[in-house]
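Please keep the sequence and the structure in view while reading.

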Amino acid sequence: MAGQSNELKLLGSFASPFVLRVKLALSFKGLSYDYLEEKDLHNNKSELLLKSNPVHKKVPVLIHNGKPVCESMIIIQYLEEAFADAGPSLLPSEPHERAVARFWTAYIDEKLFSSWMMVFRGKTDEEKAEGTKQSFAVAATLEGALSESSKGKPFFGGDTVGYVDVALGGFVAWIHAIEKLYGLKLFDAGKTPLLAAWLERFCELDGAKAVMPDVEKLVELAKMRQAQAAAAAAAAAAAAAVAQDY
């Protein structure tokens, strides 16, 4: 967007599903912005990030005319209000439908993300299996939500993508990465046909294609982090064994 009055910057990380949400919203609404990649969120966060989000020190952060807005869904609500005339509206206009959309977005954040973390970070096969079980249970619940919210139309938002589509869309690249990593098809046509069709439609949207990260790079990143975690665990176990000898 041209003009100082609409200067937008996005601080993010390519692998973050929450950053992807904001990218999707910006893309669907046709808003231009400068993207600043945080290359090392673990050990070397930028001064701009620390200044812009001093409480959580996390991405995404949207900076509009020098003023930061944090947390992915709060950012999307902000975009809806600050750029009401830009692109399609993502939040429903009817109050109850808007409340329902926010409910399912909170459910996605609370249930889907936490179950995935059990799969990724579970220390035992039992923990990983429980995470897988919970992930499929969440998918089944979201299948019902899509059926009710879409009313037979292509998206949670109806004929076009809406608030819940963007919230879930942030996880799309990782849905594909998890299938490659673990052989888990979370949105399976046999078990959740509506979600499977939704996933295919969403990935074909030009606005989604424009910002979707490379799945192979996500897979490589996940493998690297798993290797690092395994090495750290082995080192900790070795140190504990040595300590017992004294």
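**Helix 4 and helix 7**

In what follows, a helix axis is a line fitted to C-alpha atoms over the stretch in contact, and angles run from 0 to 180 degrees between N-to-C directions. The model is predicted, and in it the axes of helix 4 (residues 95–121) and helix 7 come within 12 Å and cross at roughly 30 degrees. Angles under 35 degrees count as roughly parallel, and helix 4 and helix 7 are therefore roughly parallel to each other.

The crossing in which helix 4 passes helix 7 is left-handed. On the helix 4 side the residues in contact are Trp-116, Val-119 and Phe-120, which meet Trp-174, Ile-175, Ile-178, Leu-181 and Tyr-182 in helix 7.

**Helix 8 and its two faces**

Helix 8 (residues 193–204) consists of twelve residues and spans 17 Å from its first C-alpha to its last, close to the expected 16 Å. Its buried residues are Leu-195, Ala-196, Trp-198, Leu-199 and Phe-202; because they cover an arc of only 160 degrees around the axis, they lie on the same side of helix 8.

These buried residues pack against helix 1 (17–28), helix 5 (125–150), helix 6 (163–169), helix 7 (172–182) and helix 9 (206–209). The face turned away from the buried side of helix 8 carries Glu-200 and Glu-204, which are exposed.

**Helix 10**

With 30 residues, helix 10 (residues 215–244) reaches 44 Å from its first C-alpha to its last, close to the 44 Å expected at 1.5 Å a residue. Val-215, Leu-218, Val-219, Leu-221 and Ala-222 are buried in helix 10, and what covers the buried residues of this helix includes helix 4 and helix 7.

Conventions
Residues are numbered from 1 along each chain as its sequence is written. This is a predicted model: local features need pLDDT of at least 70, side-chain atom pairs count only at pLDDT 80 or more; totals for chains, interfaces and linings use all residues. Side-chain values use heavy atoms; hydrogens and water are left out. Helices (H or I, at least four residues) and strands (E, at least two) are DSSP runs, numbered from the N terminus. The expected span of a helix is 1.5 Å times one less than its number of residues. Buried means under 20% relative accessible area, exposed over 50%, partly exposed in between (1.4 Å probe, protein chains only). The arc is that of the directions from the helix axis to the C-beta atoms. Contact means heavy atoms within 4.5 Å. Angles under 35 degrees count as roughly parallel, over 145 as roughly antiparallel, 65 to 115 as roughly perpendicular and the rest as oblique. A crossing is left-handed if the near helix is turned anticlockwise from the far one by less than a right angle, and right-handed if clockwise.
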